[in-house]
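Reader: I am new to this structure and would like to go through it step by step. Could you take my questions one at a time?

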Amino acid sequence: MKILVTGGAGFIGSNFIKYMLSKYKGYKIINLDKLTYAGNLENLKDVEDNPNYTFIKGDICDKELVEEIFSQDIDYVVNFAAESHVDRSIIDPEIFVKTNVLGTVTLLNAAKKAWDEGDSFKEGKKFLQVSTDEVYGSLGETGYFTETTPLDPHSPYSSSKAAADLIVKAYYDTYKMPVNITRCSNNYGPYQFPEKLIPLMVNNCLNKKPLPVYGDGLNVRDWLYVEDHCKAIDLVLHKGRIGAVYNIGGNNEKTNIEIVKLIVSYIHDNVDPTVDESLITYVADRKGHDRRYAIDATKIKEELGWYPETKFEDGIKKTIEWYLQNREWLKNVTSGEYQKYYEKMYSNR
Ligand SMILES: Cc1cn([C@H]2C[C@H](O)[C@@H](COP(=O)(O)OP(=O)(O)O[C@H]3O[C@H](CO)[C@@H](O)[C@H](O)[C@H]3O)O2)c(=O)[nH]c1=O
């Protein structure tokens, strides 16, 4: 098997590559990544010398490069490559449309060209689009997103992901291209860039900086441990019904303030007793902030036997400890450009 993983130097992509290389000794993985601010080859240090792993620096929008990669007889594509941060999309939507929509079309076209045999596609090929629960919009206090919930994205980020999902669906509906779409809830775990809630709060606690909680802190997210997500993608890739969408959720809803308090308490008890809840600072809300995401993951459980194995209490401990043991990584990714980003995003909030 030869798998093209795009965005493999990012948080979920790098966890996925390591998971796959250790599980399938005979699989070859090509990682195509543009190395934007969120992509980091440090994340893949453990596998850089693995003969089954190849890294290519490049953009999924680069048609020539993508077509050249497909000349290597790719079996599966897993498209993680995306601009993924909602706050950045509110400030600068264009790059989200370019990478998330045009990039996906470029990949689909190249895959179609390589796999299309006229009446059908070559056997055993698949294009897996990694999407998000945010395409469904926002829930009130009750209810869950299922795979048939109508798409109702609100942010430029989630709208670009929904657009990409629809294009992938169109390639299935129109050309019968072998595709799957997965829609996951909020991931957490090692190597997440500290612009996202959990690593940002850990980093700020360690530096005794204010902990910026948007709005009333009562927005709800469903947290999924990244390794459980990787296992789900592996299953969908090998066994998912062609054309199907699968929701992947952690069955673990928490308010943002619960998450922040938990991190504060862990750092207080295990690292620095002077860190406490006085660091929590309520700041202006995110524009168009979705109130609650909650995923119904019955379909993937019933069809493929997947369920989230990691209990949140264990996953969050493992995650915080990973950041504590990898302070050098955290220091490296939060220097330079990150400081400018942080200033711009949080100074006038
Ligand atoms: C960074 C930050 C976030 N928040 C809030 C906003 C959200 O309600 C919640 C989580 O924020 P984020 O970590 O940015 O994640 P969120 O907007 O939910 O989106 C994530 O989860 C999605 C899946 O639901 C993915 O598709 C996105 O790529 C990923 O970024 O915490 C704060 O209160 N303060 C902060 O400083």
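**Backbone, core and ligand**

Author: Tyr191 is buried, with 24 other C-beta atoms within 10 Å. This is a predicted model, and that should be kept in mind in what follows.

Reader: Where does Tyr191 lie, and what is its phi?

Author: Tyr191 belongs to the loop that runs between strand E7 (186–188) and H6. Most residues other than glycine have a negative phi. Tyr191 is not a glycine, and yet its phi is positive, at about 75°.

Reader: Is Asp73, which also has a positive phi, buried or exposed?

Author: Asp73 sits in the loop between helix H2 (63–70) and strand E4 (76–79), and its phi is near 55°. Around Asp73 there are 10 other C-beta atoms within 10 Å, and a residue with 12 or fewer counts as exposed. Asp73 is therefore exposed.

Reader: Which residues is Phe16 in contact with, leaving aside its neighbours within four places in sequence?

Author: Phe16 is one of the residues with the most contacts inside the largest nonpolar core, which has 87 residues. In soluble globular proteins, nonpolar side chains tend to be buried together. With its neighbours within four places in sequence left aside, the contacts of Phe16 are Val5, Val78, Phe80, Cys230 and Ile233.

Reader: How many residues of helix H7 are buried?

Author: Helix H7 covers residues 226–239 and spans 20 Å from its first C-alpha to its last, close to the 20 Å expected at 1.5 Å a residue. Its buried residues include Cys230 and Ile233, both of which are in contact with Phe16. Of the 14 residues in H7, the number buried is 10.

Reader: Which element gives the most residues to the shell around the ligand?

Author: The ligand has 19 residues around it, of which Ser84, Thr132, Lys196, Leu197 and Tyr214 come nearest. Two or more residues are given to this shell by helix H6 (197–206) and by strand E8 (211–214). With 3 residues, the element that gives the most is E8.

Reader: How far apart in space are Asp152 and Phe121?

Author: Asp152 is found in the loop between strand E5 (126–132) and helix H5 (156–175), where it is partly exposed, with 14 other C-beta atoms within 10 Å. Asp152 and Phe121 are 31 residues apart in sequence. From C-alpha to C-alpha, their separation in space is 32 Å.

Key:
Residues are numbered from 1 along each chain as its sequence is written. This is a predicted model: local features need pLDDT of at least 70, side-chain atom pairs count only at pLDDT 80 or more; totals for chains, interfaces and linings use all residues. A nonpolar core is a set of buried Ala, Val, Leu, Ile, Met, Phe, Trp, Tyr and Cys residues joined through C-beta atoms within 7 Å. A residue is buried if 20 or more other C-beta atoms lie within 10 Å of its own, exposed if 12 or fewer, and partly exposed in between; C-beta atoms are placed from the backbone. Two residues are in contact if their C-beta atoms, placed from the backbone, lie within 7 Å. A residue is near a molecule or strand if its C-beta atom, placed from the backbone, lies within 6 Å of it. Helices (H or I, at least four residues) and strands (E, at least two) are DSSP runs, numbered from the N terminus. The expected span of a helix is 1.5 Å times one less than its number of residues.
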